[in-house]
Amino acid sequence: MKTRVSELLGIQYPIIQGGMQWVGLAELASAVSNAGGLGILTGLTQPTPDDLRREIERTRARTNKPFGVNLTILPSVKPPPYAEYIKAIVESGVKIVETAGNSPREFIATFKEHGIIIIHKCTTVRHALSAQRNGVDIVSIDGLECAGHPGEDDVGGLVLIPAAARVLRIPVVASGGIADGRGMAAAFAMGAEGINMGTRFCATQEAPIHDNVKQALVKGSERDTALIFRTLKNTARVYGNEVARQVRALEYRPGGCVFEEVRPLVIGTRGRAALQDGDVDGGVISAGQSIGLIDDVPTCADLIERIVAECRQRLHTASGWAGA
Ligand SMILES: Cc1cc2nc3c(=O)[nH]c(=O)nc-3n(C[C@H](O)[C@H](O)[C@H](O)COP(=O)(O)O)c2cc1C
């Protein structure tokens, strides 16, 4: 399965495990890379740049295949020391970075100087075009279905991916709502040269999260997510649990709310505890609509092989229908 994405990244299958706060640790990233995809460590899950250096080494001890590091650039009153995290990435010899959130523009030159491939993840065609102008190598585009931040435009992948693929010169990775070979085949048909998944990789044996969360994904349907922070113009798609309901109740009460009022509900420590201790109602858990396509908790290797086989079969069947 060769596309510009698999060639640029040096991987067997163009399947990427997107950066995931608290989930993108060495265990998962190495399992995905060993299975022929691209595993990605989440840079800011590590409390310090030195911890990131150690996590990169832990990943190296588990795989000799390529893997990447996600750097999520968020607006913040007290931003993390991005330059120090980048130094850790560069000095550790990692050759693939996934940027997300705000524009990675100011960091691109440094990555390029060190021969690092940049995958920029964004949610609009205009941001993808601007990332291309700024010199990123691949754009990964998240449709409205995705876990995490889908942006404010509410365009689903079925429109967003072809809209991006037909105007971009650099390769496109389809992200959001993909969990099986049908989604991968659709992504190829729409002009993408790879797929990125988050939620599906949470429900794998190697994902370093509590089994209760994995079982909630298995049991849940495509209707079990909620959009929060819409009224604060920072929309996030999360698992539709008790905390998400409480946040929405505050947001949609008459007069709305300010972030300070929801902060105690959404603080990272509660989200992290929910993932690690398995209290699925205890904090915010990012999750996408692809919950509705998840029925089991396979190993990453079984999952990837299954997706690739199903994608091939779907494309074969569809090309028969098309008389190709
Ligand atoms: C638990 C979880 C945490 C996530 N954290 C981040 C993050 O820190 N940075 C980021 O760029 N994307 C994050 N994402 C988004 C994923 O990288 C990916 O873009 C998204 O999950 C794709 O949509 P899907 O879940 O429908 O596959 C997260 C997703 C999940 C499920």
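This note walks through the aromatic pairs and the ligand surroundings.

1. A word on the model first: it is predicted, with local features needing pLDDT of at least 70 and side-chain atom pairs counting only at pLDDT 80 or more, while totals for chains, interfaces and linings use all residues. Residues are numbered from 1 along each chain as its sequence is written, and side-chain values use heavy atoms, leaving out hydrogens and water.

2. Rings of Phe, Tyr and Trp (its six-membered ring) pair if their centres lie within 6.5 Å; planes under 30 degrees apart are stacked, over 60 edge-to-face and the rest tilted. This rule gives two aromatic pairs. The planes of Tyr-82 and Phe-107 meet at 50 degrees with centres 6.0 Å apart, so this pair is tilted. Both Tyr-82 and Phe-107 are buried (under 20% relative accessible area; exposed is over 50%, partly exposed in between; 1.4 Å probe, protein chains only).

3. Phe-229 and Phe-259 make an edge-to-face pair, with 6.1 Å between centres and 70 degrees between planes. Phe-229 is buried at 11% relative accessibility, whereas Phe-259 is partly exposed at 34%.

4. For Gly-198, a backbone N or O atom lies 2.8 Å from a ligand oxygen atom.

Conventions:
A polar contact is a pair of N or O atoms within 3.5 Å; within protein, one must be able to donate a hydrogen and the other to accept it, and residues adjacent in sequence count only if both atoms are side-chain atoms.
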